[in-house]
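Visitor: I'd like a walk through this one, strand by strand and ring by ring. Where shall we begin?

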Amino acid sequence: MKKMMLSTVAIVALTGAALADEVRVYNWSDYIDEELLTKFEEETGLDLIYDVFDSNEVLETKMLAGSSGYDVVVPSGTFLQRQISAGAFQKLDVSQLPNAENLWDVVEARTAQYDPDNAYSINYMWGTTGIGVNVGKVQEILGADAPLGSLELIFNPANMEKLQACGVHFLDAPTEMIPAALKFIGEDPDSHDPEVIAKAEPILTGVAPYVQKFHSSEYINALANGDICVAFGWSGDILQARDRAAEAENGVEIAYNAPSEGALMWFDQMAIPADAPNPEGAHKFLNFIMDAQNMAQASNYVYYANGNAASKEFLVEDVIGDPAIYPDEATLKNLYTTTPYPARVQRTVTRMWTKVKSGT
């Protein structure tokens, strides 16, 4: 019996040692320069297990079920807030994060609405949600005066009926699409009133038949390759598509616009699950990401703004000088943020979104 007990103890010890030698990260797809992953392993001696997802809903299911198995995850601000309330995360140990001094107070002031005192998370990237267009194709169909920078382009059924010929993708993200529809009709995009939210349904169902696909990552390549002409998506993704098209020299000109009516400003936050197998390794990963040059390398690769003030001097001009990535003051003032729907309202939103996508 004693031999068996020793054997079990040895197995547990070996398992613990294995966990201590690896860090498991769950991040959005197409969202980091993979050279940084190798660099982290070389600098720390830790094995990095890096998995990806493409919707907050997928991540939230794992987080609220518990035992995700990950050490670092990257929810958007509104989802982070709800998951903090559910006890899904552990507070950060600032003593293990000397590079936290690099964080940008302007961004921290905004992320504090989701994570008071920024006690549970650090900002990885931030950006806007807006309209990506294949300029040539859209103007060919709608004319030279096509409203490329307005929600009129995607929420006016007359436009969408014509644009379906060249392909339109929408994000599969009700927490982004519903606020945008509300903004289009002059309602509060952050409303939690079911009667106000219901006003978004006819706007969305009116154009849904003309949407080729609801997906939160496929539009990058589809835009770059010229397979679609419009995407309502995340700023950096569309700018990645723009640059892939330019590199391919395929004659596709992609432009990104934050809607003139106002665009959602979102924040993707890195946090450590409450049951992370290797919290010490998780802190090492966060501290590595907060290094000014590492963070700049990530932004220079994915074309998103980040919450690291010290990284700015290392950003390429195509990033720091592009107002689609780092907006000017006037655009910043026109951006809105949203807060999590209460559970009861979230169920209403989920039902509506299922109806919009299914057409029933």
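**A tour of the strands, rings and helices**

Guide: Let's start with β4, which is mostly covered: 14 of its 14 residues are buried. Keep in mind that this is a predicted model.

Visitor: Which strand pairs with β4 in the antiparallel sense over eight bridges?
Guide: Look at residues 121-134, which make up β4, and follow the bridges across to residues 263-271. I122 has M270 as its bridge partner there, and G127 has W266. The strand holding those partners is β9.

Visitor: How many of the residues of β9 are buried?
Guide: Strand β9 covers residues 263-271 and is described as mostly covered. The buried count comes to nine of its nine residues.

Visitor: Which residue in β11 is the bridge partner of L264?
Guide: β9 also pairs with β11, a strand of residues 335-336. That pairing is parallel and has two bridges. For L264, the partner in β11 is Y336.

Visitor: Back to β4, then. How many bridges join it to β7?
Guide: β7 spans residues 230-234, and five of its five residues are buried. It runs antiparallel to β4, with V133 opposite V230 and G130 partnered with G233. The number of bridges joining β4 to β7 is five.

Visitor: Which residue in β7 does F170 stand opposite?
Guide: Here we come to strand β5, residues 168-170, which runs parallel to β7. Three bridges join the two. F170 stands opposite F232.

Visitor: What is the bridge partner of G132 in β8?
Guide: β4 and β8 pair in the antiparallel sense, over four bridges. Within β8, the partner of G132 is Y256.

Visitor: And which residue in β10 is the bridge partner of W126?
Guide: Strand β10 is made of residues 305-306, and two bridges join it to β4. The two strands run antiparallel. The partner of W126 is A305.

Visitor: Leaving aside neighbours within four places in sequence, which residues is E253 in contact with?
Guide: E253 lies in the loop between α13 (235-248) and β8 (254-257). C229 is 24 residues from E253 in sequence, and the C-alpha to C-alpha distance is 10.0 Å. As for contacts beyond those neighbours, E253 touches V133, N134 and V135.

Visitor: On to the rings. What is the angle between the planes of Y26 and F53?
Guide: The structure holds 17 aromatic pairs. One of them joins Y26 and F53, with 4.8 Å centre to centre. Planes under 30 degrees apart count as stacked and over 60 as edge-to-face, so the rest are tilted, and this tilted pair has an angle of 55°.

Visitor: How many residues apart are Y26 and F53?
Guide: Y26 is in strand β1 (residues 22-28) and F53 in strand β2 (residues 47-53). Y26 counts as buried because its relative accessibility is 6%, and F53 is buried too, at 4%. The pair links distant parts of the chain, 27 residues apart.

Visitor: Which residues form one aromatic cluster with Y26 and F53?
Guide: The cluster takes in Y26 and F53 themselves.

Visitor: Which residue has its charged end over the ring of W104?
Guide: Charges sit over rings at two places worth a look. R82 lies over the face of F79, at 5.0 Å from the ring centre. Over W104, 3.5 Å from the centre of the ring, sits the charged end of K312.

Notes
Residues numbered from 1 in each chain as written. Predicted model: local features only at pLDDT ≥ 70, side-chain atom pairs only at ≥ 80, totals over all residues. Heavy atoms only, no water. Phe/Tyr/Trp six-rings, centres within 6.5 Å; stacked < 30°, edge-to-face > 60°. Buried < 20%, exposed > 50% of the residue type's maximum accessible area, 1.4 Å probe, protein only. Lys NZ or Arg CZ within 6 Å of the ring centre and 35° of its normal. Contact = heavy atoms within 4.5 Å. Pairing = 2+ DSSP bridges.
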